[in-house]
Amino acid sequence: MQGSENGSPTSTNAMGQGKGSSGISYSLGDRSARGTLPQPQYPPGNIKGKVVVNIKVDRNGNVISATAPGKGSTTVNSALVRAAIKAAYKAKFSKDLGSIEQIGTITYHFKLH
């Protein structure tokens, strides 16, 4: 299932490649998220931005590598990057026993409160 580029930024559906201005989206081939993707802990301060986390997922759906900021990020703020990476490691995806590892991204939109 793919998200729409014109999708709602307040949608509770975390799947796809939408470009909403808030929330979480991901791109990982045909895999789906197991449950909802973990929300990052918003760091203190008046900061905002989009952090794209490059992920590697094992055949069981566990994130085994997470690096940021990836291509498409709008911030390199270390607090936002750390929060995004920490949340990405908690994400779980569907199993794919036919592959060893798969590469994708999770995008976190941090907005001002």
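1. Order of elements. From the N terminus on, the chain runs β-β-β-α-β. That makes 1 helix and 4 strands. Helices (H or I, at least four residues) and strands (E, at least two) are DSSP runs, numbered from the N terminus.

2. Ground rules. This is a predicted model, in which local features need pLDDT of at least 70, side-chain atom pairs count only at pLDDT 80 or more, and totals for chains, interfaces and linings use all residues. Residues are numbered from 1 along each chain as its sequence is written, and side-chain values use heavy atoms, with hydrogens and water left out.

3. Confidence. pLDDT is the predictor's confidence in each residue, from 0 to 100. The chain has a mean pLDDT of 84, and 80% of its residues reach 70 or more. Strand 1 (residues 23-27) has the lowest confidence, at a mean of 94. Strand 3 (residues 63-67) has the highest, at 98.

4. Over residues 1-21, pLDDT stays under 50. The model has 32 contacts beyond four places in sequence for these residues; contact means heavy atoms within 4.5 Å. Where pLDDT is low, the predicted coordinates should not be read in detail.

5. Buried means under 20% relative accessible area, exposed over 50%, and partly exposed in between (1.4 Å probe, protein chains only). Of the 113 residues of the chain, 39% count as buried. Among contacts with a separation of 6 or more, 65% join residues 24 or more positions apart.

6. Nonpolar core. A nonpolar core is a set of buried Ala, Val, Leu, Ile, Met, Phe, Trp, Tyr and Cys residues joined through side-chain atoms within 4.5 Å. The largest one has 23 residues. Leu-37, Val-53, Ile-55, Phe-93, Ile-106 and Tyr-108 touch the most other members. Strand 1, strand 2, strand 3, helix 1 and strand 4 each supply at least two residues of this core. Helix 1 gives the largest share, 6 residues. In soluble globular proteins, nonpolar side chains tend to be buried together.

7. Aromatic pairs. Rings of Phe, Tyr and Trp (its six-membered ring) pair if their centres lie within 6.5 Å; planes under 30 degrees apart count as stacked, over 60 as edge-to-face and the rest as tilted. The count comes to 2 aromatic pairs. Tyr-26 and Phe-93 have ring centres 5.2 Å apart and planes at 65°, so this pair is edge-to-face. Tyr-26 lies in strand 1 and Phe-93 in the loop between helix 1 (78-90) and strand 4 (101-110), so the pair ties together parts 67 residues apart in sequence. Tyr-26 counts as buried because its relative accessibility is 4%. Phe-93 is at 0%, so Phe-93 counts as buried.

8. Salt bridge. A salt bridge is a side-chain nitrogen of Lys or Arg within 4 Å of a carboxyl oxygen of Asp or Glu. The structure holds 1 salt bridge. Glu-101 forms a salt bridge with Lys-56, and the closest N and O atoms are 3.8 Å apart. Glu-101 lies in strand 4 and Lys-56 in strand 2, so the pair ties together parts 45 residues apart in sequence. Glu-101 counts as partly exposed, at 43% relative accessibility. Lys-56 also counts as partly exposed, at 29%.

9. Asp-58 lies in strand 2 (residues 49-58). Asp-58 is buried yet has no salt bridge. The nearest side chain of opposite charge, Arg-31, is 5.4 Å away. For charge, Lys and Arg count as positive and Asp and Glu as negative; His and the chain ends are not counted. Not counting residues up to four places away in sequence, Asp-58 touches Arg-31, Ile-64, Ile-100 and Glu-101.

10. A cis bond. The peptide bond from Ala-68 to Pro-69 is cis, with omega near 0°. Pro-69 is found in the loop between strand 3 and helix 1.

11. Two exposed positions. Leu-97 sits in the loop between helix 1 and strand 4. At 61% relative accessibility, Leu-97 counts as exposed. Leaving aside neighbours within four places in sequence, Leu-97 is in contact with Arg-59 and Asn-60. Lys-86 lies in helix 1. Lys-86 is exposed, with a relative accessible area of 56%. The C-alpha atoms of Lys-86 and Pro-38 are separated by 9.4 Å, and the two residues are 48 residues apart along the chain.
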